[in-house]
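Please read them with the structure open.

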Amino acid sequence: MSRLAACCCLAWLLLLRPGNVSGAITPGAVWFDNRGQQIQAHGGGILKVDDTFFWFGEDRSQGLDPNKRYVSCYASKDLEHWTFRDQVLKLSDPENFGPGWLIERPKVFYNAATKKYVLYAHVDDGTYKLARVGIAISDTVDGNYRYLKSFRPLGLESRDIGQFIDDDGTAYLIFESRPTKGFVIARLSPDYLNVEKQMSLVPAPLEGGAVVHYKGLYYVIGSHLTGWSPNPNVYATATSLEGPWTEFKNIAPPALKTYNSQSSTLLRIIGTKTTSVIFMADQWKPKELWDSRYLWMPLQIDGGQLLLPEPRPWTIDINTGEAKY
Ligand code: GAL
C-alpha cells in the first residue's frame, strides 16, 4: 500500500471511529465517560452547581437488575468530558406500579431555601396509564436520592416532563398532558415538593418539552407524540411564560425529523462574550435503549427565530459562551 493510501485508510478509520471527535462534542457518536463506559443519561437534564454541570438521565445499561430503575449522574466543567458520579437513584418499584413500571426523563432542581436537591421524573406503569411525576430528594447533588412520593401535577395526567428555571430563580415543570392535548408550564411550590400554579397550557399536543429564556423571549420546544420514533420538533415563542404563544414552526427541515432526535432540554450558557443555547436531544434506539445516542447542538436563535443546524462536531468555550462548528 502506498503511503498516501495508508494515510487515507487511517483518516477513514478515524472518521468511522464511533466515539467523540477529540476536542469536540460530536452529535450521534458514542459518548464515553471517564471510565471508558458509554454514557447513560437518556431523556436527561442538566443542573449547574458553581462551575460544574451535572447531567442526570435514565440509565438504560444492559445487565442491570430488571426489577429496579436507575438514574445516573455525570459531572463536567466543559460539557465534553464527563465523569461518572453515581447511579444516584436505584429504585425498586416504590408504589406497586406493577410490572414494566418506569422512570423517565429525570430532572433535578436545587432548592436554596431547604438546601435540598429535588429530582422530578415521569413515573408510570408499563402501559403509561398512571401518568404521574415522582419526586426524590437528596442533600447532595450526586445522591443518593431518596424517593418521596408520586402525584399528578395539578391533578392532571403528566407524561414527558421538562424543567425550566427562570432568570429570577423560579422553578417550573413542563409536562405533557392528555386529554388536554397540550403541554403545561407550571410553577413549583416554594419547597419544590409540589406543583403549584399553571402558567400556560401551550395548546399543542407535544411532549419532550423544553423552555429557554433568551433576549427577552421565551422559546418552547417540543416533539410530536410519536413514541420512540423521531418527528419534526417545533418551537413557539412568547414574551411571558403565561403566553400568548406564537404558532409552532419547525426547528429543522421537517423531512429530516430533527435529525433523528427528540428534544429533552435547552441549556443556556451565558459567557463573557456571548450567550449560547444548546439543544439537547435523544436519538432513541428502542430495541437497544442503552445504545441510544445524544444529539446536542448550539441553536441559531434570535428575534423569535430558531434553527437547529445540521449536526456536526462542535466546541464551546464555557467562559466566553462562544460555540463553534
Ligand atoms: C416518547 C417519550 C419517551 C418515552 C417513549 C416511549 O414519546 O418521549 O420519553 O416515553 O415515548 O414510547
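1. The largest nonpolar core has 40 residues, and among them Leu-79 and Trp-296 touch the most other members. A nonpolar core here is a set of buried Ala, Val, Leu, Ile, Met, Phe, Trp, Tyr and Cys residues joined through side-chain atoms within 4.5 Å; buried means under 20% relative accessible area (1.4 Å probe, protein chains only). At least two residues of this core come from each of β2 (52–58), β13 (206–214), β14 (217–224), β17 (262–270), β18 (275–283) and β19 (293–298). β18 supplies the largest share, 5 residues. Strands are DSSP runs (E, at least two residues), numbered from the N terminus.

2. This is a predicted model: local features need pLDDT of at least 70 and side-chain atom pairs pLDDT 80 or more, while totals for chains, interfaces and linings use all residues. Residues are numbered from 1 along each chain as its sequence is written, and side-chain values use heavy atoms, without hydrogens and water.

3. Leaving out residues up to four places away in sequence, Leu-79 touches Ile-25, Phe-53, Leu-267, Ile-269, Ile-278, Trp-296, Ile-316 and Ile-318. Contact means heavy atoms within 4.5 Å.

4. A second, separate core has 21 residues, including Ala-75, Leu-89, Ala-136 and Val-141.

5. Around the ligand are Glu-104, Arg-105, Tyr-128, Asp-160, Glu-207, Gly-227, Trp-228 and Gln-262, each with a heavy atom within 4 Å of the molecule.

6. A ligand oxygen lies 2.6 Å from a side-chain N or O atom of Glu-104. For Tyr-128, the distance from a side-chain N or O atom to a ligand oxygen is 3.3 Å.

Conventions: Polar contact = N/O pair within 3.5 Å; in protein donor to acceptor, adjacent residues only side chain to side chain. Buried < 20%, exposed > 50% of the residue type's maximum accessible area, 1.4 Å probe, protein only. Helix = DSSP H or I, 4+ residues; strand = E, 2+ residues; numbered from the N terminus.
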